[in-house]
Amino acid sequence: MTTPALPAIDPKRTALLAMDFQNGIVASVPEPDALVERVGGVIADVRAAGGTIGYVRVAFTENDWAAVPETNKTFSGVATAKMMHHEAAATQIDARIAPEDGDITVRKTRFGWGLTTDLHQQLRDRDIDTLILSGISTSGVVLSTLIDVADRDYRVYVLADGVADHDPEVHRVLLDKVFPSRAHLVDSAALQELLRSV
C-alpha cells in the first residue's frame, strides 16, 4: 500500500505553532537540545516561506491561580502550589527559538489554548486555515490542541519530530494510532520539501 501524498501547503495561510517550548518544560524531556534545534530549523523554514509563527506558553498570574476551581484535577494543584508564575524564568520561551516581531505569542492557563486565549481569532484575522503543530508534551498541549483545531476545521499537520513527551510509549501510541485520523504527520525534512514545492 502506498502512502497518500501530503496536501500542498500555502505558506501565506499557514501557521507553525511552537507550544510550551519554555525553559522549565524543555529541560524535562529526552534530548531537548536536538528537539529545540529541529524546531528552530522549521521555524526558520516557515518564516522564509512567508508563513506565520505562533508561540503558546503556559503560565499564571495571581488572578489566574485564584480562578482555577478545585474540580480541575491538574491545574488546581498548580494553583495551590503557586507554580508556573508568568514572570518566572521557567515559564519563558526558550531563547534559542524566541519570538520575533510579527509573530503571535499567547499565554494559556490550561493544557490547550482554545479556552483561555484569543489565538483562534488571531489566526482567523490573518486568514490562516492550516496549522503545523509542534510542542511539549505530545499527550498534553499537542493532543489537546489537535482535537480542538481539528474540530474547528483547520487543515492540521503534526510535526512528528517536533513533539516530545515524558512517556515514550504514550508518545508512540499517539503518533501511530491517534493523530493520523485527525492530522497529517510530517517530519521536518518532509515539511521543508512541502514548503519548497510552493
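Student: Is phenylalanine 75 buried or exposed?

Tutor: Buried means under 20% relative accessible area, exposed over 50% and partly exposed in between, with a 1.4 Å probe and protein chains only. Phenylalanine 75 has 6% relative accessibility, so it counts as buried. The model is predicted, so local features need pLDDT of at least 70 and side-chain atom pairs pLDDT 80 or more, while totals for chains, interfaces and linings use all residues. Residues are numbered from 1 along each chain as its sequence is written, and side-chain values use heavy atoms, without hydrogens and water.

Student: How many aromatic pairs are there?

Tutor: Two numbers describe a ring pair: the distance of the centres and the angle of the planes. Rings of Phe, Tyr and Trp (its six-membered ring) pair if their centres lie within 6.5 Å; planes under 30 degrees apart are stacked, over 60 edge-to-face, the rest tilted. That rule gives two aromatic pairs. Phenylalanine 60 and phenylalanine 75 make a tilted one, at 5.9 Å centre to centre and 40° between the planes.

Student: Which parts of the chain does that pair tie together?

Tutor: Helices (H or I, at least four residues) and strands (E, at least two) are DSSP runs numbered from the N terminus. Phenylalanine 60 is in the loop between β2 (52-58) and α3 (62-67) and phenylalanine 75 is in helix α4 (residues 75-80), so the pair joins parts 15 residues apart in sequence. Phenylalanine 60 is buried, at 0% relative accessibility.

Student: What is the geometry of the pair of phenylalanine 75 and phenylalanine 111?

Tutor: That pair is edge-to-face, 5.1 Å centre to centre with 65° between the planes. Phenylalanine 111 lies in the loop between β3 (104-108) and α5 (119-125), 36 residues from phenylalanine 75. At 41% relative accessibility, phenylalanine 111 is partly exposed.
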